[in-house]
Amino acid sequence: MAKTKTTLRPSVRAQAEQLFTHLLALVVQTNEQVGQLSLLMDTRASLEDPLVEPVKRGVQNAAPPDVQRAVLKQTLNDEMRRQLKVLSLTVDALYDCTDRVTSLEI
């Protein structure tokens with residue numbers, strides 16, 4: 001049985017190429033955002049380890065270690081929330097782009 005090659009109209013082909021390029025960029029962006037979130041989560045988890053001594057140099061000595069950890073945890077939590085919002089928008093864009101690709105009249 002011979003395979004048949006579907007020929008797309010030039011305008012549809014151009015649209016499909018643009019959408020696939022955009023889709024690929026969104027996938028790469030999503031992967032990077034997940035990596036950033038993973039790093040933030042690992043950093044946050046390392047702050048939970050009571051055996052880890054805080055760094056004892058420079059400006060960090062201005063506050064007790066417990067206060068330093070609390071501030072750092074809050075900062076990490078805020079950044080994780082921000083990253084999750086951005087990731088959510090990227091995933092929404094992935095769905096939108098995928099819908100547009102599947103709705104092309106081929």
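The following conversation goes through a predicted model and asks how its labels are reached.

Biologist: What makes up the secondary structure of the chain?

Modeller: The secondary structure comes to 2 helices and 0 strands. Helix α1 covers residues 10–47 and helix α2 covers residues 65–102, with a loop between α1 and α2. Of the contacts in the chain with a separation of 6 or more, 79% are accounted for by residues 24 or more positions apart.

Biologist: Why is Thr 90 called buried?

Modeller: Buried means under 20% relative accessible area, and Thr 90 has 4% relative accessibility, so Thr 90 counts as buried. Thr 90 lies in helix α2, and, leaving aside its neighbours within four places in sequence, Thr 90 is in contact with Leu 26, Gln 29, Thr 30 and Gln 33. Across the chain, buried residues make up 21% of the 106 residues.

Biologist: How do you know that Glu 48 and Arg 44 form a salt bridge?

Modeller: The rule asks for a side-chain nitrogen of Lys or Arg within 4 Å of a carboxyl oxygen of Asp or Glu; for Glu 48 and Arg 44 the N to O value is 2.4 Å, so the pair meets the rule. In general, side chains of opposite charge can pair when their charged atoms come close. By this rule the count comes to 5 salt bridges.

Biologist: Why are Glu 48 and Arg 44 called partly exposed?

Modeller: Partly exposed is the range between the buried limit of 20% and the exposed limit of 50%. Glu 48, at 45% relative accessibility, falls in that range and therefore counts as partly exposed, and Arg 44, at 21%, also counts as partly exposed.

Biologist: What makes Lys 73 and Glu 48 a salt bridge, and which parts of the chain does the pair link?

Modeller: The side chains of Lys 73 and Glu 48 meet at 3.4 Å, N to O, which is within the 4 Å limit, so the pair is a salt bridge. The pair links distant parts of the chain, with Lys 73 in helix α2 and Glu 48 in the loop between α1 and α2, 25 residues apart. Lys 73 has 21% relative accessibility, and therefore counts as partly exposed.

Biologist: How do you know that Arg 82 and Glu 79 are paired, and where do they lie?

Modeller: The closest N and O atoms of Arg 82 and Glu 79 are 2.8 Å apart, and because the limit is 4 Å, the pair is a salt bridge. Both residues lie in helix α2, 3 residues apart, about one turn of the helix. Arg 82 is partly exposed, with a relative accessible area of 44%, and Glu 79 is partly exposed with 25%. Elsewhere, salt bridges that share partners join Arg 44, Glu 48 and Lys 73 into one network.

Biologist: What makes the set that includes Val 12 and Leu 104 a nonpolar core?

Modeller: A nonpolar core is a set of buried residues of listed nonpolar types, joined through side-chain atoms within 4.5 Å. The largest nonpolar core has 9 residues, among them Val 12, Ala 16, Leu 19, Cys 97 and Leu 104. The elements that give two or more residues to this core are α1 and α2, and α1 gives the most, with 5 residues. Apart from this core lies another, of 6 residues, including Leu 40, Leu 47, Met 80 and Leu 87.

How values were computed
Residues numbered from 1 in each chain as written. Predicted model: local features only at pLDDT ≥ 70, side-chain atom pairs only at ≥ 80, totals over all residues. Heavy atoms only, no water. Helix = DSSP H or I, 4+ residues; strand = E, 2+ residues; numbered from the N terminus. Buried < 20%, exposed > 50% of the residue type's maximum accessible area, 1.4 Å probe, protein only. Contact = heavy atoms within 4.5 Å.
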